[in-house]
Amino acid sequence: MSKRTHTDASPAPDTRQHILLVSLTLFLQKNFKEVTMKEIVTATGMSKGAVYHHFDSKESLFREIIGHFFSAILSFDFTRLPGDSLRSFYRAIATDLNAMRFQFLSGTGTQTDFITLNFFSLLFDAFKLFPEFRTDMETYHLRELEAWTGIIAKARAAGEIRTPLDDKQVARIFLYASDGLTMNLTMDSNTGDLESELLSLWDHFYETLKA
């Protein structure tokens with residue numbers, strides 16, 4: 001019996017997903033500019049024709065990677081988070097953020113953390129190449145800020161917190177603490193402690209807000 005191979009005429013049902021996963025892995029190992037289509041073809045174990053049947057350029061492949069793998073972030077539903085207290089809200093977010101770190105490459109069968117310096121490099125490349133992605137991210141960040149501001153206003157009204165800072169200022173401190181910590185741990189190659197470090201930081205800030 002001959003060995004089954006991928007062909008241009010009859011690609012396997014999961015071929016496109018396979019190409020996306022392999023390409024994203026290469027982009028995270030190096031970066032978008034350094035990876036070539038030849039490397040992608042070799043890494044997929046497919047023929048050049050089979051890969052180009054789905055993607056006619058590295059840019060078109062990158063565009064789909066951004067749309068496919070960032071959809072979980074861009075479509076995040078803040079309304080499903082606990083609304084009973086600010087503490088419950090931020091603790092649920094920390095758990096979700098930690099889980100999301102491993103979702104990008106879950107199709108590879110390994111628990112791989114996507115938060116690396118090259119991940120941030122990919123973001124910047126996407127911003128430059130695809131203006132609509134920048135717009136989508138800006139929209140997401142507005143929804144994120146609104147969700148935080150809303151739960152903080154609710155916590156203040158319920159007497160959970162008391163602070164001279166306004167609701168949006170408190171929200172931004174929570175968000176900027178998360179962004180800064182993530183970047184610092186990434187630079188130190190220590191993102192394994194991200195959830196516990198983030199919760200510790202947020203817990204201490206929360207204690208300063210409690211009534």
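Biologist: Which residues lie nearest the centre of the largest pocket?

Modeller: This is a predicted model, where local features need pLDDT of at least 70, side-chain atom pairs count only at pLDDT 80 or more, and totals for chains, interfaces and linings use all residues. A pocket is an open set of points on a 1 Å grid over the protein atoms alone, where a 1.4 Å probe fits, with protein on both sides within 12 Å along at least five of seven lines; lining residues have an atom within 4 Å of a point. The largest pocket is lined by 35 residues, and those nearest its centre are Leu97, Tyr140, His141, Glu144 and Asp179.

Biologist: Which helix gives the most to that lining?

Modeller: Helices are DSSP runs (H or I, at least four residues), strands too (E, at least two), numbered from the N terminus. H6 (86–100), H7 (117–129), H8 (131–157), H9 (167–187) and H10 (194–209) each give two or more residues to the lining. With 7 residues, the top contributor is H9.

Biologist: How much space lies in the largest pocket?

Modeller: Grid points are joined across faces, edges and corners, and the volume is the space filled by probe spheres set on the points. For the largest pocket that comes to about 900 Å³.

Biologist: How many charged residues are in its lining?

Modeller: Ala, Val, Leu, Ile, Met, Phe, Trp, Tyr, Cys and Pro count as nonpolar, Asp, Glu, Lys and Arg as charged, and the others, Gly among them, as polar. The lining has 25 nonpolar and 4 polar residues. Its charged residues number 6.

Biologist: What share of the protein is buried?

Modeller: Residues are numbered from 1 along each chain as its sequence is written, and side-chain values use heavy atoms, with hydrogens and water left out. Buried means under 20% relative accessible area, exposed over 50%, partly exposed in between (1.4 Å probe, protein chains only). Of the 211 residues, the buried share is 43%.

Biologist: Why does Phe133 count as buried?

Modeller: Phe133 lies in helix H8. Contact means heavy atoms within 4.5 Å, and beyond four places in sequence Phe133 touches Ile66, Phe70, Leu74, Leu123, Ala126 and Phe127. Phe133 counts as buried because its relative accessibility is 4%.

Biologist: How far apart are the C-alpha atoms of Phe133 and Phe70?

Modeller: The two residues are 63 apart along the chain. Their C-alpha atoms are separated by 9.6 Å.

Biologist: What covers the buried residues of H6?

Modeller: Leu86, Phe89, Tyr90, Ala92, Ile93, Ala94, Asp96, Asn98 and Met100 are the buried residues of H6. Leu86 touches residues including Trp148, Phe174 and Tyr206. The cover of the buried residues of H6 includes helix H5 (71–74), H8, H9 and H10.

Biologist: How far does H10 reach from its first C-alpha to its last?

Modeller: The expected span is 1.5 Å times one less than the number of residues. H10 has 16 residues, with 22 Å expected. Its reach is close to that, at 23 Å.

Biologist: Which helices do the buried residues of H10 pack against?

Modeller: The buried residues of H10 include Trp202, Asp203 and Tyr206. They pack against H6, H8 and H9.
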